[in-house]
Every structure is written in structure tokens, then in C-alpha cells.
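Reader: Please take a close look at one part of this structure and walk me through it. Keep it brisk, and give me the cut-offs.

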Amino acid sequence: MSLTPFLRLPLTDLTGCLINHQTYDKCGKFEMKMMECFEAYGLERGKRECADLISDFQECVGMQKQLMRFHAMRNERYKQWLMGERKGQEFFAESPRVDAY
């Protein structure tokens, strides 16, 4: 993960703050904690010291573990359907009511 631009120009300094996750509720706090850690330790040492915050932020943005869990559950349901343990109408769980939270 690179945090600095390949070619540093005044234009990259002006537009670098436009692309961030602060406007989204989901990953804004993770990004802020990661950037505060980088500010405290610097870029090179921060890559080692803030590795857990970086991985949390990357997981929030990319959702790799969530997608792997989804695929594992879907494959298990499909396997159960092929083995005859699930019927066609029971392939997926019943959806919640519309007004349920």
C-alpha cells in the first residue's frame, strides 16, 4: 500500500485531500485512527507500528473476510442441496420482515 503519490507536484498536494473515506460512516473512523498513527510515528516507522490499524482499514474498505465468509456459506448450502439435505425452497433462509431492524 502506497500512501505517497508517485510524482509529487503542487497539484497532488491540492487534490490529495479530496479522496478519503471521511464522508462514509463505515470506514471513516478506521481511516482517522490510521492517519493519526502515521502522524505520530511517520510513514516508514508507521508502516510497522500501525500494521494492525492498516489491516483493519483495508478490511473495512475491501471486505475480503466478509466476502470469503459469504462464499463459504453459499458453497455449504449448495453442497447440502446437492446431498439432498436441503430442499429447493429451503436453499436460503427466510428473509426478515420489511419493517424489522
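**Cysteine pairs and a helix**

Author: Cys37 and Cys50 are both buried, where buried means under 20% relative accessible area, exposed over 50% and partly exposed in between (1.4 Å probe, protein chains only). This is a predicted model, in which local features need pLDDT of at least 70 and side-chain atom pairs count only at pLDDT 80 or more, while totals for chains, interfaces and linings use all residues. Residues are numbered from 1 along each chain as its sequence is written, and side-chain values use heavy atoms, with hydrogens and water left out.

Cys37 and Cys50 form a disulfide, that is, a pair of cysteine sulfur atoms within 2.5 Å. Their sulfur atoms are 1.8 Å apart. The torsion about their S-S bond is about -85°, so this disulfide is left-handed. Cys37 sits in helix α2, and Cys50 in the loop between α3 and α4. The pair links distant parts of the chain, 13 residues apart. Helices here are DSSP runs (H or I, at least four residues), numbered from the N terminus; strands are E runs of at least two.

A search of the whole structure finds two disulfides. Cys27 and Cys60 form a disulfide too, with sulfur atoms 2.1 Å apart. Cys27 lies in the loop between α1 (10-15) and α2, and Cys60 in helix α4, so the pair ties together parts that are 33 residues apart in sequence. The torsion about the S-S bond of Cys27 and Cys60 is about -95°, so the disulfide is left-handed. Cys27 is buried, at a relative accessible area of 6%. Cys60 is buried as well, at 9%. Counting bonded cysteines along the chain, the pattern is 1-4, 2-3.

Now the helix that holds Cys60. Helix α4 covers residues 51-62, twelve in number. From first C-alpha to last, α4 reaches 16 Å. That is close to the 16 Å expected at 1.5 Å a residue, the expected span being 1.5 Å times one less than the number of residues. The buried residues of α4 are Ile54, Phe57 and Cys60. Seen down the axis of α4, they fall within an arc of 125°, so they line one face of the helix. The arc is that of the directions from the helix axis to the C-beta atoms. These buried residues pack against α2 (28-41) and α3 (43-49), with contact meaning heavy atoms within 4.5 Å. After α4 comes Met63, whose phi is positive, near 55°.
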